[in-house]
Amino acid sequence: MTNHGAMTKHGGNRAVMRREVLAGLRVRPRAVPPKYFYDARGSQLFEQITELEEYYPTRVELAILDGHVDEMAACMGPGCLLLEYGSGSSLKTGRLLEALSEPVAYVPIDISGEALEAAVAKIAARFSAIEVIPLHADYSAAYEIPTTFQPARRRVAYFPGSTIGNFDPQQASEFLVEVAAVCGPGGGLLIGVDLEKDITVLERAYDDAAGVTAEFNLNLLRRFNRELGANFDLEAFQHRAFYDPDKARIEMHLVSLRDQVVEVAGEAFAFSAGDTIHTENSYKYSRERFAQLASSAGFDVERVWVDPQELFSVQFLTVRDAASEP
Ligand SMILES: C[S@@+](CC[C@H](N)C(=O)[O-])C[C@H]1O[C@@H](n2cnc3c(N)ncnc32)[C@H](O)[C@@H]1O
């Protein structure tokens, strides 16, 4: 295993975080980027969420993967370089790497240094023949794909977990354009995309009975207290999640339970009772709307696998040849 990704112990760039969080708190409605959920504790809480009965996305995506992994591997072809965006625990990737034919390297990209380090140790021990090159980076900013020992026949990206849903449609399109450029002509993308469905099922998935998602959401404030010198009172904010059918998205917020003033990095922010900080969107797609998005970003949809209840989809896209632009 080589390990020449820019791996540092503590996630992210503190100055960028301060700038982005302050900018998000100064405007109304207040919003902060969801990538800041993933400090070490946030990554652990996310793993707990994936095991909840209410949180169908991980369970269903794993079942789709288990049922069709050989077809997926056939689409990806032999000798590929596998790049994973937001790799987290790399649990799904382990199953994919088992099925792939002679992948030359695996490049997991994640903003959470702790999650990346733990996942890479497991994957490298399990797949000693594959070069594993972790990239501790923010994929919404600039990053460089490392060179591999062996040349790859093709670059294929993996983006499971419906993390694409955290982008609004414009950002999602820009992200896919970037992935198409990184993978290049002939490249591919295997992506997990959550589908529109019954509101009750959706809202339960983001507001579980045990309160793990609430803890995940509130952990942002704990992180800001620690890393940005903020003084949020975690008892004075409450988790709220709801589905907006017009925007086809789950919104997560932290709601101020009283009038209060909070300091973040030396700046004071006044909250009235009921004011919220918007912390995450999770867009849901119909198959048609996702196909349009992929197409507008330069991809062709080659295959779509769904579960019998059509809760979730895994899709294989290929970078469209510039000569065959529609
Ligand atoms: C919803 S979790 C999905 C984890 C895993 N891929 C799965 O399918 O279960 C999102 C993952 O993406 C990472 N992540 C979120 N925003 C990121 C960003 N801007 N750059 C790099 N990684 C990011 C998080 O640290 C986390 O591991």
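Author: This is a predicted model. Start at Ser90, which is found in the loop between strand E2 (80-85) and helix H4 (91-99).

Reader: Which peptide bond is cis?
Author: The bond from Arg28 to Pro29 is cis. Its omega is near -10 degrees. Pro29 sits in the loop between helix H1 (14-26) and E1.

Reader: Let us turn to strands. How do strands of a sheet pair?
Author: They pair through backbone hydrogen bonds, either parallel or antiparallel. In this model, 4 strands make an open sheet, in the order E1-E12-E9-E8. The pairing is mixed.

Reader: Which are the edge strands?
Author: Strand E1 (30-31) and strand E8 (237-244). Each of them pairs on one side only.

Reader: How many bridges join E9 to E12?
Author: There are 7 bridges between strand E9 (residues 249-256) and strand E12 (residues 276-283). The two strands run antiparallel.

Reader: Which helix lies across E8, E9 and E12?
Author: Helix H8 (residues 212-227) does. H8 runs at about 120 degrees to E8.

Reader: What do E10 and E11 form?
Author: A hairpin, with 2 residues between the strands. Strand E10 (residues 260-264) and strand E11 (residues 267-271) run antiparallel and are joined by 5 bridges. Val264 has Glu267 in E11 as its bridge partner. Look in the turn for Ala265, which has a positive phi of about 50 degrees.

Reader: Now helix pairs. At what angle do H3 and H4 cross?
Author: Their axes cross at roughly 25 degrees. The axes of helix H3 (residues 56-76) and H4 come within 9 Å. H3 and H4 are therefore roughly parallel to each other, because angles under 35 degrees count as such. The crossing of H3 past H4 is right-handed.

Reader: Which residues of H3 and H4 meet?
Author: From H3, take Glu61, Leu62, Leu65, Asp66, Val69, Asp70, Met72 and Ala73. From H4, take Lys92, Arg95, Leu96 and Ala99. By class, this contact of H3 with H4 has 7 nonpolar and 5 charged residues, and no polar ones.

Reader: Are H2 and H8 roughly parallel or roughly antiparallel?
Author: Read the angle. The axes of H2 and H8 cross at roughly 160 degrees and come within 9 Å. H2 and H8 are therefore roughly antiparallel to each other. H2 passes H8 in a left-handed crossing.

Reader: Which residues make the contact of H2 and H8?
Author: On H2, they are Arg41, Gly42, Leu45, Phe46, Gln48 and Ile49. On H8, they are Val212, Thr213, Glu215, Phe216 and Asn219. The contact of H2 with H8 divides into 5 nonpolar, 4 polar and 2 charged residues.

Reader: How do H6 and H9 cross?
Author: At roughly 50 degrees, with the axes of helix H6 (residues 169-183) and helix H9 (residues 287-296) coming within 8 Å. That makes H6 oblique to H9. Their crossing is right-handed. Pro169, Ala172, Ser173 and Leu176 in H6 meet Leu293, Ala294 and Ser296 in H9. The contact of H6 with H9 has 5 nonpolar and 2 polar residues, and no charged residues.

Reader: Last, the ligand. Which residues come nearest?
Author: There are 21 residues around the ligand, and Tyr38, Gly86, Gly88, Ile111 and Gly161 come nearest. By class, the shell around the ligand divides into 7 nonpolar, 10 polar and 4 charged residues.

Reader: Which element gives the most to the shell around the ligand?
Author: H2, with 3 residues. Helix H2 (40-50) and strand E3 (105-110) each supply at least two residues of the shell. Recall H2 from the helix pairs: H2 also passes H8 in that left-handed crossing.

Key. Residues are numbered from 1 along each chain as its sequence is written. This is a predicted model: local features need pLDDT of at least 70, side-chain atom pairs count only at pLDDT 80 or more; totals for chains, interfaces and linings use all residues. A residue is near a molecule or strand if its C-beta atom, placed from the backbone, lies within 6 Å of it. Ala, Val, Leu, Ile, Met, Phe, Trp, Tyr, Cys and Pro count as nonpolar, Asp, Glu, Lys and Arg as charged, and the others, Gly among them, as polar. Axes are lines fitted to C-alpha atoms, for helices over the stretch in contact, and angles run from 0 to 180 degrees between N-to-C directions. Angles under 35 degrees count as roughly parallel, over 145 as roughly antiparallel, 65 to 115 as roughly perpendicular and the rest as oblique. A crossing is left-handed if the near helix is turned anticlockwise from the far one by less than a right angle, and right-handed if clockwise. Two residues are in contact if their C-beta atoms, placed from the backbone, lie within 7 Å. Two strands pair if DSSP finds at least two bridges between them.
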